Amino acid sequence: MQRSSAAILATSLAISLTVSLSALASQSALASDYLALFKAKKYDEVARVANAKLSVEPNNADALIAKAKLILIEGKESRLDEAAKLAEQCINANPSNSDCQESLGEVLGTKAMRGGIMSAIGYASKIRHAFQKAVELNPQNIEARSSLMEYYMQAPSIAGGGKGKAEKLIAETAKINPAASTLMQAKLDIADEKFSKAEAAILSVNTANSEELSGMQANLLQSLGSNYVQQKKYTDASRVFQESQQRFPDKQGGFYGMARNLQEQGKHKEAITFFEKALAIDAQSYTYYRMGQCLQALSDKAKAIVTFEKALSFKPELPKKIKEDVEAQLKLLKG
């Protein structure tokens, strides 16, 4: 049981990271100048600016965090140790910087997922400590609070987790940022399958003046809609994803979610329309993967091949098992 919980924890943290990377506006651990470049996907420029800064200021926190995040976006497992060293350098040189700790938590969460069950167990306490320290150093770091709560939700008590700790963190957050607390409670309610309660809470929060809260709200709508899809509550999922599209027309989540909702119902042609809208906003490898499945189901072999090949070429890379599935489908389609 302990190993299973640790594996779930690592996967959950890594999924949260993937979501946050697709909505960089909510990332508190990025300085504004780097944030704009990340949002524009000008990754070479991010590297250039960061390297230039580090050449004159080797321990600059923002530059080190940016370089670590670049590695996470690249998605190569072979470079995760390098990302961890950058985050650790950031912490050692800037011990009072909350964002350095948050960066380390993100990197270790990804390493844990990629390394499997035993790796998850080994990194669990380090991940928890990084996010706890980030919150301690900056109580206003809402992203770190959300990540720490995710840990408490998923980790077994023997690893320092537990629902009680998540609830306590939510209560503490309410004293600092009531809106963030409401959204964190909604996340917990989704985990407890209290979907109606979670939906009402998510929609009640006014995030107009906060990009950070806006990002949290968008991610929660995505999570809620996906849970509805998993339970085959397609009408509910459609309502949530439509709401997401209306509130966040510049984010791909609501369109991607609607596409997956339609795909699960076997409505592949309709799903492709929404996958295309999602790609127009923010092209992602997993979107090409799902669209390729739809094209394959419609027997459009030529387009399916092109789409699957695009899924393999995008960064961050697809997870290993999905990548293997894409390669198998391409072999079948070309055979």
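Okay, quick one to start: which helix do Arg260 and Glu264 both lie in, and how many residues apart are they? Both lie in helix 14, residues 253-264, and they are 4 residues apart, about one turn of the helix. I'll come back to that pair.

Some housekeeping. This is a predicted model, where local features need pLDDT of at least 70 and side-chain atom pairs count only at pLDDT 80 or more, while totals for chains, interfaces and linings use all residues. Residues are numbered from 1 along each chain as its sequence is written, and side-chain values use heavy atoms, with hydrogens and water left out.

So, the overall picture. The protein chain comes to 18 helices and 0 strands; these are DSSP runs numbered from the N terminus, H or I of at least four residues for helices and E of at least two for strands. Of its 335 residues, 53% count as buried. Buried is under 20% relative accessible area, exposed is over 50%, and partly exposed is in between, with a 1.4 Å probe and protein chains only. Then contacts, meaning heavy atoms within 4.5 Å: among those with a separation of 6 or more, 56% are between residues 24 or more positions apart.

Now the helix pairs. Helix 9 (residues 163-176) and helix 10 (residues 178-191) have axes that come within 6 Å and cross at roughly 160 degrees. That makes the two roughly antiparallel. For the angles, under 35 degrees is roughly parallel, over 145 roughly antiparallel, 65 to 115 roughly perpendicular, and the rest oblique. The axes are lines fitted to C-alpha atoms over the stretch in contact, with angles from 0 to 180 degrees between N-to-C directions. On the helix 9 side, the contact includes Leu169, Ile170 and Thr173, and on the helix 10 side, Met184 and Leu188 are among the residues. By class, that contact divides into 9 nonpolar, 3 polar and 2 charged. Nonpolar here is Ala, Val, Leu, Ile, Met, Phe, Trp, Tyr, Cys and Pro, charged is Asp, Glu, Lys and Arg, and polar is the others, Gly among them.

Next pair: helix 11 (residues 195-204) and helix 12 (residues 211-230). Their axes come within 10 Å and cross at roughly 155 degrees, so helix 11 is roughly antiparallel to helix 12.

On to charges. Side chains of opposite charge can pair when their charged atoms come close. A search of the whole structure finds 17 salt bridges, each being a side-chain nitrogen of Lys or Arg within 4 Å of a carboxyl oxygen of Asp or Glu.

Lys41 and Asp282 form one of them, at 2.5 Å, N to O. Lys41 is in the loop between helix 2 and helix 3, and Asp282 in the loop between helix 15 and helix 16, so the pair ties together parts 241 residues apart in sequence. Lys41 is partly exposed at 35%, whereas Asp282 is buried at 11%.

Back to my opening pair: Arg260 and Glu264 meet in a salt bridge at 3.0 Å, N to O. Arg260 is buried at 16%, and Glu264 is partly exposed at 39%.

Last one: Glu82 and Arg79 also pair, 3.0 Å, N to O. Glu82 is partly exposed at 34%, as is Arg79 at 28%.
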